[in-house]
Amino acid sequence: MAPRARPEPVQVIKQRRDAALRALVAGVPYIQFLGIAFDRRGDELTATLPFDEKLIGNPMLPALHGGVTAAFLETTAIIELSWSLLWEEMEAGRIDATLLDPLHLPRLPKTIDFTVDYLRSGLPRDAYARARVNRSGRRYASVHVEAWQDNRSRLFAQATGHFLMPARDD
Amino acid sequence: MDEQGKMAIARQFIEAIPHSRALGMVLDEIGEGVAAISMPYDLRLVGDPQTGVIHGGAVSALMDTCCGAAVMSHPGSPAGTATIDLRIDYMRAATPGQRIRARAECHHITRSVAFVRASAHDDNDALPVATATGTFTVQATGERMA
């Protein structure tokens, strides 16, 4: 049996993965407009939405706008799905992540439908979300996403969406 | 109050919501459970930098606002409302550069739940950009709105 190849230095791996995530997120104006950022631990992403006055939908409570909640969940779902596709290509060596920029990214999946379940009103503070790809086929994908604020176990919204996968060259 | 007075108050209310203002939403029509709200094409809202198409999330925000306004304008709705559930179907990409116009109708209301249908169009009236169905809370009188 051939000896196992020496693992890559940790900094090289981190740089490659962080560059890929940055290319995916930084180029989307709407993500910047809402102020959404993504934390990465290995392949796991957590989206954060820092509170801002312009995200308010009800000034009397005050509460986050339902549309902001929907947009936050949908963004998290699309980025998670795109990231899972990109990760596969990158780790298999088919894409050089250091050459990626917002205008040279693989095509993004398109939302077919998105259903948001509002569980409690969004408070005027930071929000977090994580998505799980339940099915990722050649043409369609199904993604579930959960959002919370202070307590991970007290969700303020969750959603399920279906996505049309980008056409592949093969 | 006359129709124009009601319309002015409703317009002020919708356009005073910080997020609606941030997206440039304008109330075009309201009354008897029907609302129409539109927003301009805006480069800050682009979701796909390669095509310039507006992000679905911004269309969701427009739909949610429009549905909520339709519920509040329904004669059977005493006060404010909050979204329970909203499903959006995306038929096609909105054409870059064009205004997006949403129209929502609260077609049924009980003492606790309002049922709403909505659609969003760009300059092509024949085929919607997206359609939505939602359920919204109906506040008991005296309850704080959410």
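**Two-chain predicted model: briefing**

In chain B, 43% of the 146 residues are buried. The model is predicted. Chain A has 170 residues, and buried ones make up 36% of them. The two chains touch: 33 residues of chain B are in contact with 35 residues of chain A. Strand pairing also links them, through β5 of chain A and β5(B).

**Chain B**

- Chain B holds three helices and eight strands.
- Read from the N terminus, its elements follow the order α-α-β-β-β-β-α-β-β-β-β.
- The radius of gyration of chain B is 15 Å, and the globule rule gives 15 Å for 146 residues, so chain B is as compact as a globular protein of that length.
- The C-alpha trace of chain B spans about 50 × 30 × 25 Å along its principal axes.
- Take the contacts in chain B between residues at least 6 apart in sequence: 64% of them join residues at least 24 apart.

**Chain A**

- The secondary structure of chain A consists of three helices and eight strands.
- Its elements, from the N terminus on, run α-α-β-β-β-β-α-β-β-β-β.
- A box of roughly 65 × 35 × 30 Å, taken along the principal axes, is filled by the C-alpha atoms of chain A.
- Of the contacts in chain A with a separation of 6 or more, 65% are between residues 24 or more positions apart.

**Where the chains meet**

- On the chain B side, 33 residues are in contact with chain A; on the chain A side, 35 residues take part.
- Four elements of chain B each supply at least two residues of the side that touches chain A: α2 (18-22), β3 (46-48), α3 (56-73) and β5 (83-90).
- That side of chain B divides into 18 nonpolar, nine polar and six charged residues.

**Strand pairing across the interface**

- Strand β5 of chain A covers residues 110-118.
- Five bridges join this strand to β5(B), and the two run antiparallel.
- Within this topic, one facing pair can be named: A:D113 stands opposite B:D89 in β5(B).
- β5 (83-90) of chain B is also among the elements that supply at least two residues of the side touching chain A.

Notes. Residues numbered from 1 in each chain as written. Chains lettered and ligands numbered in written order. Predicted model: local features only at pLDDT ≥ 70, side-chain atom pairs only at ≥ 80, totals over all residues. Contact = placed C-beta atoms within 7 Å. Nonpolar A, V, L, I, M, F, W, Y, C, P; charged D, E, K, R; others polar. Pairing = 2+ DSSP bridges. Buried ≥ 20, exposed ≤ 12 C-beta atoms within 10 Å, placed from the backbone. Rg over C-alpha atoms; globule rule 2.2 N^0.38 Å.
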